[in-house]
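Please look through the model below before reading my comments.

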Amino acid sequence: MRYGHTEGHTDVCFDGTGSCIVTCGSDGDVRIWENLDDDDPKSINVGEKAYSFALKNGRLITAVSNNTVQIHTFPEGAPDGILTRFTTNANHVIFNSDGTKIAAGSSDFMVKVVEVADSSKQKTFRGHDAPVLSLSFDPRDVYLASASCDGSVRVWKIADRTCTTSWPLLQKCNDVINAKSICRLGWQPGSGKLLAVPVDKVVKLYRRETWDRKLDLSDPFITQPLNVVAWSPCGQYLAAGSVGGNIVVWNVETQECIERMKHEKNYTVCGLAWHPKHRQIAYTDTEGNLGLLENIGDGKKPNDKVASTVTKDYNDLFDGDDDDYLNGDMVEPQSSPKAGADEDDGDDDDLRPTSGHPRRAVIDDDDNSLDIGMIKANLNLEKEDGDDDQTSGFPALPLSSTQQPFYDGPMPTPKQKPFQSGSTPVHLMHRFMVWNSVGIIRCYNDEQDNAIDIEFHDTSVHHATHLPNSLNHTMADLSTEAVLLACESTEELASKLQCIHFSSWDANKEWTVDMPKDEDIEAVCLGQGWAACATSALLVRVFTVGGVQKEIFSLPGPVVSMAGHGEQLIVIYHRGTGFDGDQCLGVQLMELGKKKKQILHGDPLSLTKKSYLVWVGFSAEGTPCYVDSEGTVRMLNRGFGNTWIPVCNTREHCKGKSDHYWVVGIHENPQQLRCIPCKGARFPPTLPRPAVAILSFKLPYCQVATEKGQMEEQYWRSIVFHNHVDYLSKNGYEFDENTKNQAVKEQQELLMKLFALSCKLEREFRCVELADLMTQNVVNLAIKYASRSRKLNLAQQLSEMAVEKASELATAPEDEEEEEDFREHLNAGSSAREWSRPPVRNVQQDQEMEDADETDGCEEAEETPEVPKQRPNPFSKGVTSAEATTPKSVVIASSSQGRVNPFKVTSNKKDPVVPTANVLDTMSKYSKKTSLSGSRAANKQNHLVIKPLTPKPKSKQASAASFFQTRTPNSSEKTAEEREEKAGNEPHEAKVAAQENTENRRPKTGFQMWLEENRANILTDNPDLNEAEIIKEGMSRFRMLSSEERMAWTEKAKGGALNDLTDDKKRKRSAADEDEAKKNQEQNSEDSNLSKKPKPLDQSTNVRLSAFAFKQS
Amino acid sequence: MEPAEAEFLAEKELVTIVPNFSLDRIHLIGGDLGPFNPGLPVEVPVWLAINLKQRQKCRLIPPEWMDVAKLEEIREQERKEDTFTPMPSPYYMELTKLLLNYASDNIPKADEIRTLVKDTWDTRVAKLRLSADSFVRQQEAHAKLDNLTLMEINTTGTFLTQALDHMYKLRTNLQPGESSHSQDF
C-alpha cells in the first residue's frame, strides 16, 4: 500500500490492457501508475476535486467539483470537452460496456445517460428522492441500476427511462457524506445475469428480468457495512470492500470465500478494480492510499487443504479466454516459450527493480502463452513443458497435474538495473545525473533543450558549467578533478565515455573513448586520478583521469553500481538470481594505488529482505557504505574483519509511509548522513531545489531506551566511526591525530560511565568485562572507583587484570617501543622546524602558549594526585614519579587548531584532559639533540596535520619547502646559506664554512675527523698558527687528498652519525638541512629562555609523545 | 525608533543558507557561526546571509513561513479576526523586505509573497489606526494590544504619544483656572 492522493474519496481502475493503474482523488488529480512502486506517476489535473472517473477507449471521463462531467484524452490528459452538467456535483460516472455511453448520477437526484460521441443526446432519469450514490450499466445496455441516499436501489430501462424495479435496501440519509456506504453496485460482466448490491454486511445478488434475490454472499470476516463490489472480468468472482477496510473475494458459483484481506490501517475501501488479465485487485481508501492485492485465491482458500488442488479448481473454473489470467503470474507470457525465454532476459532488464511487486506488462491474448517465471524455475522441465503446451495448445483443456502447470516455489526476482548513485530515473525529463559531496549534475531533456548542468557545492573547485548533451549521456560522476559522462550506444554510434578533466593544467580539458562494438557502458565512477567504467561485456575498464587506459578486469556478474574514492574502487554486481523479491549481489573492493590489491573478493552483499540497492559510495573519510531500498545504511566495519554494519535506518526518520530519504553523502567525522527528504517519493524533483537534511547515525543495538543500551550504542558507534583513522594511517594517508585521540577519550569516558553504572547495579562481573575494553590508565581509574565504592573484590579482580595488561604491554611491543623512540626523535625535529617560522607568529604562539601553560600548571596540580598509580595493589600509596606523569592520552586542543576563539575565556581551557607538561619537557630535550639526519627525516613527517587524502609529500618536496622557510632568518645565517648555494659543487667546503659560524653541536663531518687526526701534523709543521689558520691550512691539505680518500673520511663521519646515509645525492642537500637544523637549535634555546616551559609542539608530536610516555610507564 | 533601526534589529534573526564555500567556524562577539560546508545548510544571521548572497557565496533557503499557502492563511486569519493575530516572525515585514530585495531569485513566487505580506501589513496597520482612533475617541486611559511587532509599534508609536501629549495639553488648557494663569504668563 502506498500514498496515492491526499485524503478524501478516491476511485481506481485499470486501463484497458491492464498495463497501468489509474486513480483519482480529492486533490483533483488523475494519476497513472505504472505499478504500485511507481514513484513518478503521471498526473492529470482535472479540477479542484475529482469524485469519480471512468476510463475506456482512450477516453477519461471525470466527475469534478465544478458540477460537470468532462472528457480527457488518455493517457495524454488533454481536455476534450464537457459531456454534461448538473446543478451539483456528480457522484459516480461509468461507461457502458462498449464505451459509447456514459451514465452519471448526481447529488441533485438525477441520473443522466449521455452518448460520448454526441453530448446532445442525453437521457435524464428522474425518480430518486436523494443524491444518487452509484450506478451500474447492464453489460447488454438494456438496464441501468442506481443506488441513492433515499435508500432505494432502482433498475431503469434505458430505452424508455422508466423505473423497472426498486428495492428499499439502504438506510436513508440526506447526503452522500452521511451515507453509511456508497453502495457501488455491479452487474455481472458478460451476460449480465446477476446484479450485485452491497447491503450492510452482505452482497445481495439479484437475477435479471425476474428481479428476485438469488442469494446472499456473506462472510464472518466482514464486520462492517460493505462499501463497494467489483466483479472479476470473467464474471466468476466477486470482490467486496467494506467500510472497515476488509476486502473479501467470493467465487460466486460455489459461494465460497477465496480471499480475505484486511486493510492494514482499517481505512474505508472506496474503490476496487480488477486487473483485466491477472488475478489482481487494485483498491483505494478514503485516506488516499492505493493498494494492490495480488494472486487472488492463491492457496489461501480457507476450506481447501491442498494448495495445488485449489489452483486446479480455478483452472477448471476459468474459461479458455482467461487462461493466462491464471498463468500470468510473475512475468508476462510470451507466445512461444522458447522465444519467450530468449526475450525474457531483455525484458527483465527493462523492469525497474520492484520489491515484491513486479511490474505487470501488457499481455497478448495468446492461448499458448506460458509463464516465463515458471520456465525459469523449472529449467529441467522447460523443454518438456514447452512441447506439451504447444501440442496441447487447446485453451479449454485444463492442464493436467502431472505437467506441473504451476511452480509453487520461490520465484526469481527480476535483476535490478544498473544505476549511478545519487541519480534519479533516466526517463525523467529533468533529472539529477549525480548528486554527491562535490556537486550536482542535472540533465534537462525536453523539447527545447537537451543539456547538462554541472554545479559545484564549493564554487572554489570550479565554476558552474552548462553543456549541450548531444550524445545523450545518461550516466555521470563528479569529483574535484573531473566530470565523467557516459552514454549508451545507439544504432550508429558506439557507447562513449567522455571525461572533462577541468583540473588539468594543459589546454585539452576533454577526452572521449569509444567502447568496442556491442559493449555498453553501464556504470561509471571517478576516483583520485582515475576513472572507471563497467560495461555490458562484464568488464571494468580503468583509465587515468588524463585518458590513459590502465587496468581492465572481468566482473563475475552484471554490474549494479560502482563508486570510487581516493584509490579505492567498489563494484557491486549480480552474483546470481535472487528469489522472492531479494536481490543476490556481490561486492568487490579494491585499491588501485601503488600496491594494487583486492580487499573484498566478491563477497555477498547483505541487503534487507525484499529490497534492492539504491546507493553505494564512500564516506568522506573513505569507508565504503551502501543504502538499500528499505532505507538501511550499511558501512564497512574494517575493525571487525571487513563486515558490514547497519549504521542508520532512514525509514525511522520518515513521517509518512511513502516518504523516503534520498542519500547524497556520508561523513564519519562529524557523523552526518546527508540526505534529501522526499515526500511521497523515493527521489527528489529538480525543482524546487531540494534542501539537504542531516540525519544522525544509530546502530541497531538493543534497549537503547535504557542508559546502558544508549551508552553501549554510543561506544560501538564511536569505535565503528573511527575505524577510518586506523585505515588512513595504515595506508599512509594523512589525518588529524586530534580526532583519533578525541575518539579514544570519548570511548574511554563511555566505558567509565558504563563501568560506574554497572558498579551501581552491583554487576561486578560486567564491570570486569568492561574494564577489559579499557586502556591501561582508565583501568586504573576504574580500580580507584571500585575501591572508593567499597567493592574490594572487584578492585582486586581489576588490579589483577591491570597487571596482566601491563605485562602484556611490556613484553610484546619491546621493539615497537624502540621504533617509537626513534620516531620521537624525528617528531621532535619536526617540531623544532616548526618554530623557525617568522618571529611575529612565534610571539603570538608564545602568548597562547603561556595561557596553555598556565592551565597546564593548574591541570597538573589537579591531575597528579588523581592519577592512579600503576601498582598491582592500588591500596599501597607509594608513588613513583614516572607513573604520575601518565595522564589520559589526550591532547592540547588549543594551539594546534590554528585559530582560537579570541572571545573565549581562558579558564575554559581547564579541561580535565590536557596533558601535563612533563611530556613536553622530554620533548624539548629531544629537539635539542636533533641531528642532521633527524631533521631531514622529520621533514618527511611534519605534515601530519593536513587534510585527509593528500598522500604523503615526498621527502624531496618537503625539504624543498623547508629550504624556502629557512630564508627568513637573521643575517649571519643568511650569508652562510648564500655561500653554500654558491659553493653548491663543493659541498665539503661549504659545510666547513658553515661550521665556522656555528657552535659545533652536530656530528662531525669527514673534514672535521680528518682535521682532528691531522691537527698534530699541521701544528708540528706550523707551530705558530692560531685556530682559524689551522683550519685554513687543514682545508687546503684536505683538498689535496684524492677524492677516494676524502670519500672515505666522509663515509667514516657518516658512520659515526646517527643515520646510514650513503647516497651521495642526498648528501648534497644536506647542507641546507644542516643549516636549518642548526637554526632550529638556536631558536630552541631562545625559546626556552623566553618561557621556561617549551611550547606544546605540533599536535601529532604531542600525541605520539604522550602515548609513548604512557607506554613506557 | 526609526524603521532602519527596527531593520537593524531584524538582521539578527537567523535564516538558513546553503554556502558554496568552505570555512571553519568563525568566532564573533555575538557568538560563533559556522562551520560552513559547501552544499550543507547552515543557520546564519540575516546580515551575514545578505552579505554572502550579494557576493554570490550562498543560496538562501526562505524561512518556513515565507510560503504562499501559509501567508494566505495568515492573511485570511488576520482579516477575519478583530484583534491582532500572532505573526510567524516578530520581524516578518523587515525580513520579507530584506530577503525579497536581496535574494528574490531563491524564493519561489517572490512577488506573490510580497503582495501577501503587504496585505497582511495593511490589514494590521488599519486595525492599529482604528484602535488608536477608538482609544482617543473614548478617552480611555490605557489599552492593551497583543501580538504587535516592533515595526508596527513604530509606525504609530511616536506620533500617537505626541498627539496624546498635545491633546492633554489642550484639554488642561481648556480648564478655566489654568487658562487665566497662562494668560498671566
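The numbered points below go from conventions to chains, then to individual elements.

1. This is a predicted model, in which local features need pLDDT of at least 70 and side-chain atom pairs count only at pLDDT 80 or more, while totals for chains, interfaces and linings use all residues. Residues are numbered from 1 along each chain as its sequence is written, and chains are lettered from A and ligands numbered from 1 in the order in which they are written.

2. Chain A contains 24 helices and 51 strands (DSSP runs numbered from the N terminus: helices are H or I with at least four residues, strands are E with at least two). Of its 1113 residues, 44% are buried (20 or more other C-beta atoms within 10 Å of the residue's own, with C-beta atoms placed from the backbone). Among contacts in chain A with a separation of 6 or more, 54% link residues 24 or more positions apart (a contact means C-beta atoms, placed from the backbone, within 7 Å).

3. Chains A and B each give 12 residues to their contact. On the chain A side these are five nonpolar, four polar and three charged (Ala, Val, Leu, Ile, Met, Phe, Trp, Tyr, Cys and Pro are nonpolar; Asp, Glu, Lys and Arg are charged; the others, Gly among them, are polar).

4. Helix 10 (residues 776–788) and helix 11 (residues 792–811) of chain A pack at about 165°, with axes 8 Å apart (axes are lines fitted to C-alpha atoms, for helices over the stretch in contact; angles run from 0 to 180 degrees between N-to-C directions). The two helices are therefore roughly antiparallel (over 145 degrees). Residues in this contact include A:Val779 and A:Ile783 of helix 10 and A:Leu798 and A:Ala802 of helix 11. By class, the contact has 12 nonpolar, four polar and one charged residue.

5. In chain B, helix 1 (residues 3–10) and helix 4 (residues 92–103) pack at about 80°, their axes 9 Å apart. That makes them roughly perpendicular (65 to 115 degrees). B:Ala6, B:Glu7 and B:Ala10 of helix 1 meet B:Glu94, B:Leu95 and B:Leu98 of helix 4. Four of these residues are nonpolar, none polar and two charged.

6. Chain A has an open, antiparallel sheet of three strands in the order 49-50-51 (strands pair if DSSP finds at least two bridges between them). Strand 49 (660–667) and strand 51 (693–695) are its edges, each pairing on one side only. Seven bridges join strand 49 to strand 50 (residues 672–678), and A:Ile666 has A:Leu673 of strand 50 as its bridge partner.

Conventions: Angles under 35 degrees count as roughly parallel, over 145 as roughly antiparallel, 65 to 115 as roughly perpendicular and the rest as oblique. Two residues are in contact if their C-beta atoms, placed from the backbone, lie within 7 Å. A residue is buried if 20 or more other C-beta atoms lie within 10 Å of its own, exposed if 12 or fewer, and partly exposed in between; C-beta atoms are placed from the backbone.
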